[in-house]
Amino acid sequence: MRILVVGAGATGGYFGARLAQAGQDVTFLLREKRAQAVQQDGLTIHSPHGDFHFQPNVLQASQLTGSYDLILLTVKSFGLEAAIKDIAPVVGENTMVMPVLNGMKHMETLSLRFGEHALIGGLCKINATLDADGHVHQMTPLHQIIYGELSGEKTERILKVDQAFQSAGVEAILSETIITDLWEKWLLLSSFGAITCTMRGNIGQVASAPGGTEFAQAIVTEALTTMKAFGYAERAAAVAKIRESVTDKSSPQTSSMYRDMMQGYPIEADQIIGDLVGRATRVGINIPLLQAAYTHLCVYQKNFVKQ
Ligand SMILES: NC(=O)C1=CN([C@@H]2O[C@H](COP(=O)(O)OP(=O)(O)OC[C@H]3O[C@@H](n4cnc5c(N)ncnc54)[C@H](OP(=O)(O)O)[C@@H]3O)[C@@H](O)[C@H]2O)C=CC1
Ligand SMILES: CC(C)(CO)C(=O)C(=O)O
């Protein structure tokens, strides 16, 4: 299977490297600066599962030819439009486009652009980041990737995707409920993001502070109420697990949005929190805490991102 990984940041670098390490036919589509750096230095992964350094196949958009069987989209939401333009020439009739972005909005965008048949639902759970040298650091052993047909069917093509990820030494899960999984990942991440970015601490620090647990629970309730109004069919056990994880007083967990914010990087405020606020406003649901979190993130985004 010809696999194109778009981006060699935290998620693309990690999962793309693991696929390549397993001998899969992987090419990275990178923009000029990153392409030059990776071509010169290779790609390095630091991981509790073992470090890995290799010289990947790298192309820039103007060098793409043919079509790919699977395109793994690992850009941030604010890079999505440009990435769509870049990959469009190599999305053939049988190409599967699998994003791992957090949130839901990108699914509509991609479906409108390439058609729903091209889209494979995908998400990943990992705590990873890029360091100043462009190395990928996986900070905890978590490296889960979940994917599935939007219909839930076990088609021939999704079984091939499954085979590739199963070979890669990561926790790979073929899901028959990927849309629900995506809502739940968004519920988890929007809550993690709003809690850690607003309170500037990890989950345990917030949960241990006066009012922190109540704040975290109220954030989950606001996000959940909004998602249910837009089609999320609540699975009680999943929501209970999310509530548990956002109120765990011993948890050192943050979110990628929090880590990006601490480093002065751009964040996905609109995709992760703004989209929820917009949806709630459209149907008249009051979500004051998420609204405040969004305002807070927008102030950061406008004034404090390092150029
Ligand atoms: N980091 C994490 O732990 C997790 C992240 N996620 C989600 O995964 C998604 C990706 O996040 P993450 O991997 O952290 O992001 P990163 O910022 O680490 O990586 C994104 C990469 O995409 C590259 N990129 C952007 N546009 C293009 C393009 N047109 N062509 C080629 N490369 C491009 C950027 O490269 P450059 O700018 O250098 O050109 C950058 O290196 C997000 O939606 C995030 O919320 C989900 C779970 C965990
Ligand atoms: C759920 C979590 C926190 C880890 O995968 C995440 O998705 C992120 O940090 O973006």
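Analyst: Helices (H or I, at least four residues) and strands (E, at least two) are DSSP runs, numbered from the N terminus. With that convention, D260 lies in helix 10. This is a predicted model, in which local features need pLDDT of at least 70, side-chain atom pairs count only at pLDDT 80 or more, and totals for chains, interfaces and linings use all residues. Residues are numbered from 1 along each chain as its sequence is written, chains are lettered from A and ligands numbered from 1 in the order in which they are written, and side-chain values use heavy atoms, with hydrogens and water left out.

User: Is D260 buried or exposed?
Analyst: D260 counts as buried because its relative accessible area is 8%; buried means under 20%, exposed over 50%, and partly exposed in between (1.4 Å probe, protein chains only).

User: Which side chain does the side chain of D260 make a polar contact with?
Analyst: That of K76, at 2.8 Å. A polar contact is a pair of N or O atoms within 3.5 Å; within protein, one must be able to donate a hydrogen and the other to accept it, and residues adjacent in sequence count only if both atoms are side-chain atoms. Leaving aside neighbours within four places in sequence, D260 is in contact (heavy atoms within 4.5 Å) with K76, Y265, P266, I267 and Y300.

User: Moving to ligand 2, which residues come nearest?
Analyst: N102, K125, I126, K185 and S256, out of 13 residues around ligand 2; a residue is near if one of its heavy atoms lies within 4 Å. An oxygen atom of ligand 2 is 2.5 Å from a side-chain N or O atom of S256. A polar side-chain atom of N102 lies 3.1 Å from a ligand 2 oxygen, and a backbone N or O atom of I126 lies 3.0 Å from an oxygen atom of ligand 2. Taken alone, ligand 2 exposes 290 Å², of which the protein buries 94%; accessible areas come from the Shrake-Rupley method with a 1.4 Å probe, and for residues only the protein chains shown count as cover.

User: Which elements each supply at least two residues of that shell around ligand 2?
Analyst: Strand 8 (120–130), helix 6 (178–199) and helix 10 (256–262).

User: And ligand 1, how many residues surround it?
Analyst: There are 25, and the closest are T11, R31, N102, I126 and E268. Backbone N or O atoms of I126 and A128 take part: I126 lies 2.9 Å from an oxygen atom of ligand 1, and A128 lies 3.1 Å from a nitrogen atom of ligand 1. For R259, a polar side-chain atom lies 3.1 Å from an oxygen atom of ligand 1. Ligand 1 exposes 900 Å² when taken alone, and the protein buries 86% of that.

User: Which element gives the largest share of the shell around ligand 1?
Analyst: Strand 8, with four residues.

User: What does UniProt place at residues 178–297?
Analyst: An unreviewed UniProt entry places "domain: Ketopantoate reductase C-terminal" there. That span is 74% helix and 0% strand. UniProt also lists "domain: Ketopantoate reductase N-terminal" (unreviewed entry) at residues 3–151, a span that is 27% helix and 35% strand. UniProt positions are in the numbering used here, feature names are shortened, and annotations may be inferred rather than shown by experiment.
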